[in-house]
Every structure is written in C-alpha cells, then in structure tokens.
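Please read this note with the structure open beside it. The points go from the whole chain to single residues.

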Amino acid sequence: MSATDATLPSAAGAVVARRIGIGLMYGLWRPRVLGAWRIPSAGPVILAGNHSHNIDGPMLIGTSPRPVHFLVKKEAFVGPLDPFLRGIGQLKVDRSSADRGAIGQALGVLERGGVLGIFPEGSRGEGDFASLRSGLAYFAVRSGAPIVPVAVLGTATPRGGDGRARALPRLRSRVDVVFGDPFEAGDGSGRRTRAALDQATERIQKRLGAHLGTARRLTGRPDQT
C-alpha cells in the first residue's frame, strides 16, 4: 500500500522546509546537535523522536542533515497552514483511525529513499517514550528502513511564578538534539502479523528509552525534556 509519485509529498518542499527550519530554530534558540553523522547519508530512514512541545517537529526539521517528511496530525492543517504544510512536504494524518492515505504516502516516502519523521507516542506528552503506538513498527517492518532515535531536550516548557506553563522555551535558550545509532525494528523474518508488530514495538520502545537516557547523560539534563 504505497502512493504513486504524483500523490507523494513534495521532496523539493521538504528541502524548503529544512531551510525554513534552520533559519527559525537557529534564529530563535541555540540548538546543540549531537550525533547527526549517525543518520545514513542516503536511502530510507525513519526518525523517531520524543515529543513534549510543538516546536519539536520544526526543531528536528531544522537540525536534521537531510530533509524530513513528518507525519503531522490533521488538526494542524487548518486555514493557511493547510497549503503551507502540504507545500513543504509534510504528511497529513488522521490519528483517530487507520489513515490509509497517509500510510501509503509514508511508505512511498521510504520507497523513494526519503526520510520519514514520526513521533511514536502519537501526541505531545512527557516525551519519555513511555507509551508507543504500533505505527512506527509497521512502517519500519514493512519498509525495512532503519530507525534513528532522536531525543529533543530543552523544549518542555517549565512553569513560571504564576504556575502557568510558558508557550515557548525561553528565546535564545539552548535546545539539545541528540541522534542515536540506527537500528532494525524487525526480527529478520519479515513477518507483519500483529504478534510480530507487538514484539517490534517492544524492541523499539527499549531502544528509544535507552537512547533517551543516554542523551540526558550526555547533555547534563537527567530529568528534563
């Protein structure tokens, strides 16, 4: 189930998205990127990131050495953001059901050797990979693409003196983006049964959780996202 070239998100648009991300993220904050060399320079790759703030996606787009097509919730595609997000090569997904169109487009991105970005927790949360959905395992097992774990630390918004969370991290504050070693999610059998995907999801969760712990130690952020 993959999309035709005509329906795939724009590869040129993703290049533009990366340029925009670089300008905005490095202009507003101070990203420190570790391990970007671990991303394969060519071929299909899945970036799996933790998610605790709305800027995590743009931050990964702006710090990845390759253009990224992110799966973005359909609720973000409203008003002028709809044509803009489509134009920069991002994928609209309905998280409430098995969105066959989005699944096909995501697999198509990987089939043509692109980079697919996923927040496997499904939505913003604690950013600790505690609850993973099976979609990441499906894409990885179905495509055979390696997963590169990535931890974004420093975007979670601490509460101010009034008890309210800040809408954005403090401007010009440091944000750490740590890429990990690529790994295969499947067991080598090629099976895509429910049991096989559940086992793959468990393997993925362990690897992502271990990477997050390593990233926190490397950046000196033991309890932060």
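1. Basis of the note. This is a predicted model, in which local features need pLDDT of at least 70 and side-chain atom pairs count only at pLDDT 80 or more, while totals for chains, interfaces and linings use all residues. Residues are numbered from 1 along each chain as its sequence is written, and side-chain values use heavy atoms, with hydrogens and water left out.

2. Overall build. The protein chain has 6 helices and 7 strands. Helices (H or I, at least four residues) and strands (E, at least two) are DSSP runs, numbered from the N terminus. Read from that end, the order is α-β-β-α-β-α-β-α-β-α-β-β-α. Of the 225 residues, 47% count as buried, where buried means under 20% relative accessible area, exposed over 50% and partly exposed in between, with a 1.4 Å probe and protein chains only. Contact means heavy atoms within 4.5 Å. Among contacts in the protein chain with a separation of 6 or more, 77% are between residues 24 or more positions apart.

3. The sheet. The 7 strands form an open sheet with mixed pairing, in the order E1-E7-E6-E2-E5-E3-E4. Two strands pair if DSSP finds at least two bridges between them. Strand E1 (30-34) and strand E4 (91-93) are the edge strands, and each pairs on one side only. Neighbouring strands are turned by 25° against each other on average, direction ignored. Axes here are lines fitted to C-alpha atoms, for helices over the stretch in contact, and angles run from 0 to 180 degrees between N-to-C directions.

4. Pairing within the sheet. Strands of a sheet pair through backbone hydrogen bonds, either parallel or antiparallel. Both senses can be found around E6. E2 and E6 are parallel, with 4 bridges, and Ala 48 has Pro 149 in E6 as its bridge partner. E6 and E7 run antiparallel and are joined by 4 bridges; here Val 150 is partnered by Phe 179 in E7.

5. Strand E6. How many of the residues of E6 are buried? The count is 7 of 7. In a regular strand the side chains alternate between the two faces of the sheet. From E6, Ile 147, Pro 149, Ala 151 and Leu 153 point one way, and Val 148, Val 150 and Val 152 the other way.

6. Helix H2. Helix H2 (residues 56-63) lies across E1, strand E2 (45-49), E3, strand E6 (147-153) and strand E7 (174-179), and runs at about 65° to E7. H2 is mostly covered, with 7 of its 8 residues buried. Those buried residues pack against helix H1 (11-28), E1, E2, E3, E6 and E7.

7. Helix H5. Helix H5 (residues 135-143) packs on the sheet and touches E2, E3, strand E5 (115-118) and E6, with its direction at about 165° to that of E2. Its buried residues are Leu 136, Ala 137, Tyr 138, Phe 139, Ala 140 and Val 141. After H5 comes Gly 144, with a positive phi near 80°.

8. The cores. A nonpolar core is a set of buried Ala, Val, Leu, Ile, Met, Phe, Trp, Tyr and Cys residues joined through side-chain atoms within 4.5 Å. The largest one has 26 residues, and Leu 71, Leu 136 and Phe 139 are among those with the most contacts inside it. H5 gives the largest share, 6 residues. Leu 71 is in contact with residues including Leu 91, Leu 116 and Phe 139. A second, separate core of 24 residues includes Trp 29, Val 45, Leu 47 and Phe 119.

9. Why does Thr 63 count as buried? Its relative accessibility is 7%. Thr 63 is in helix H2, and its side chain reaches the backbone oxygen of Met 59 at 2.7 Å. That is a polar contact, a pair of N or O atoms within 3.5 Å; within protein, one must be able to donate a hydrogen and the other to accept it, and residues adjacent in sequence count only if both atoms are side-chain atoms. Asn 50 is in the loop between E2 and H2 and counts as buried because its relative accessibility is 0%. A polar atom of the Asn 50 side chain lies 2.8 Å from the backbone nitrogen of Val 152.

Terms used:
Lists of a residue's contacts leave out its neighbours within four places in sequence.
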